[in-house]
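Hello,

Please open it first and then read the notes below.

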Amino acid sequence: MTTSSDVIDDAPKANNDSSIPSATLGGEQKRSIEQITLLLFITVPFLALLAAVPLAWGWGVSWLDLGLLVFFYYLGCHGITIGFHRYFTHGSFKAKRPLRIALAIMGSMAVEGPLVRWVADHRKHHKFSDAEGDPHSPWRFGETVPALMKGLWWAHIGWMFDEEQTPQEKYAPDLIKDGAIRAISRQFLLWAGISLALPALVGGLVTMSWWGAFTAFFWGSLVRVALLHHVTWSINSICHAVGKRPFKSRDRSGNVWWLAVLSCGESWHNLHHADPTSARHGVERGQLDSSARIIRWFEQFGWAYDVRWPSRSRIDSRRDPEAKRSRGKQETTEAA
Ligand SMILES: [Zn+2]
Ligand SMILES: [Zn+2]
């Protein structure tokens with residue numbers, strides 16, 4: 001195993017075994033039905049999010065609905081950050097089989113597309129970060145303000161509708177070879193459906209009313225999914241356009257502190273691109289990283305092992321001396 005920033009080198013090579021079925025229903029092509037489903041998954045929760053503010057003002061939000069929203073938000077968010085991202089994409093720790101399966105399901109419940117597609121896209125993002133070939137760089141159209149506005153939209157949402165698909169055989173052969181993982185990836189619609197139905201079921205049973213099921217569905221399913229979508233996509237758009245860059249990386253990734261809690265620690269994105277296999281992204285004192293905290297608990301329970309915790313010397317070796325100088329300058333101006 002190498003520790004280079006090119007994560008693809010870590011993935012076992014494809015064996016071109018065409019007898020293995022595709023890990024997503026759409027395969028390499030995005031068929032129109034899949035495009036429409038994607039559009040629905042994106043727009044319906046987003047409309048709910050827009051409606052949420054005036055409705056909250058009018059009806060108020062019950063503690064139950066708020067609790068369901070927060071619970072399912074962080075369940076899916078950590079499924080993505082610990083599971084899809086740090087574990088499946090970058091191999092920043094090893095997991096016992098039941099944890100591996102649980103992480104695949106939790107991540108699928110974030111309704112961000114099938115596991116294998118997510119991982120393939122993200123490995124390609126690291127391979128080409130902010131250069132030609134990156135599926136979602138906000139710098140795709142140039143550096144002028146209008147080009148960046150267009151690029152931010154592209155990095156946030158537009159790229160998902162691109163006809164060109166990341167080849168899964170090339171970028172995620174290790175996952176395709178695992179039958180259970182391939183099945184969970186193929187069953188994406190099932191997990192998305194369960195994720196949307198569970199809050200409604202709990203809300204209905206607790207209040208013993210259809211209205212309770214409906215408001216729980218609205219807050220715990222639709223608003224929650226919309227919020228999580230936009231926070232996840234902000235890592236692709238905002239964290240590649242703004243933020244501090246104290247570490248050396250060959251792209252424009254930045255650390256954005258105000259997204260740390262909502263993104264479960266993923267917005268320390270400059271460190272992540274400087275050291276992609278690190279299990280911790282928020283490496284400085286006070287940088288909240290709930291995903292790293294939970295990985296540590298998994299390690300203590302014996303469910304996760306060989307965790308790649310970054311040592312102090314490793315972190316220091318990735319610092320950008322240029323950034324330190326400009327940061328020093330900034331601190332003196334702030335103090336003045
Ligand atoms: Zn990135
Ligand atoms: Zn990554």
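**The nonpolar core and what packs around it**

The largest nonpolar core takes in 70 residues, and those with the most contacts inside it are Leu115, Val116, Val119, Ala172, Leu175, Leu222 and Val223. Helix α10 gives the most to this core, with 12 residues. As background, nonpolar side chains tend to be buried together in soluble globular proteins. Please keep in mind that this is a predicted model.

Leaving out neighbours within four places in sequence, Val223 is in contact with Ala48, Leu49, Ala52, Leu69 and Phe218.

**The chain as a whole**

The protein chain has 14 helices and two strands. It has 336 residues, of which 45% count as buried. Of the contacts with a separation of 6 or more, 68% are between residues 24 or more positions apart.

The average pLDDT of the chain is 85, and 87% of the residues score at least 70. Two stretches fall under 50. In residues 1-17 the pLDDT stays under 50, and the model has 24 contacts beyond four places in sequence for them. Residues 327-336 are also below 50, with one contact beyond near neighbours in sequence. Where pLDDT is low, the predicted coordinates should not be read in detail.

A pair of packed helices is described by the angle between the axes and the distance between them.

Helix α2 (residues 63-89) and α10 cross at roughly 35°, and their axes come within 8 Å. This crossing of α2 and α10 is right-handed. On the α2 side the contact includes Leu69, Phe72 and Tyr73, and on the α10 side it includes Trp219, Val223 and Leu227. By class, the residues of this contact are 13 nonpolar, four polar and two charged.

Helix α9 (residues 188-207) packs against α10 (residues 210-236) at an angle of about 145°, with the axes 7 Å apart. The crossing of α9 and α10 is right-handed. Among the residues that make the contact are Leu196, Pro199 and Val202 of α9, and Trp210, Ala213 and Phe217 of α10. Nine residues of the contact between α9 and α10 are nonpolar, seven are polar and none is charged.

Most residues other than glycine have a negative phi. Which way does the phi of Met208 go, positive or negative? Met208 has a positive phi of about 50°, although it is not a glycine. Met208 is in the loop between α9 and α10, and it counts as exposed because it has 8 C-beta neighbours inside 10 Å, where 12 or fewer is the limit.

Cys264 also has a positive phi, near 55°. Cys264 lies in the loop between α10 and α11. Is Cys264 buried or exposed? Cys264 has 29 other C-beta atoms within 10 Å, and 20 or more are needed, so it is buried.

Lys244 is found in the loop between α10 and α11 (269-274). With 15 C-beta neighbours inside 10 Å, Lys244 falls between those two limits and so counts as partly exposed. Not counting residues up to four places away in sequence, Lys244 touches Gly254, Asn255 and Asn270. The C-alpha atoms of Lys244 and Val256 are 6.9 Å apart, and the two residues are 12 residues apart along the chain.

Regards

Technical notes:
Residues numbered from 1 in each chain as written. Chains lettered and ligands numbered in written order. Predicted model: local features only at pLDDT ≥ 70, side-chain atom pairs only at ≥ 80, totals over all residues. Axes fitted to C-alpha atoms, helices over the stretch in contact; angles between N-to-C directions. Helix = DSSP H or I, 4+ residues; strand = E, 2+ residues; numbered from the N terminus. Left-handed = near helix turned anticlockwise from the far one by under 90°. Contact = placed C-beta atoms within 7 Å. Nonpolar A, V, L, I, M, F, W, Y, C, P; charged D, E, K, R; others polar. Core = buried A, V, L, I, M, F, W, Y, C linked by C-beta atoms within 7 Å. pLDDT = per-residue confidence, 0-100.
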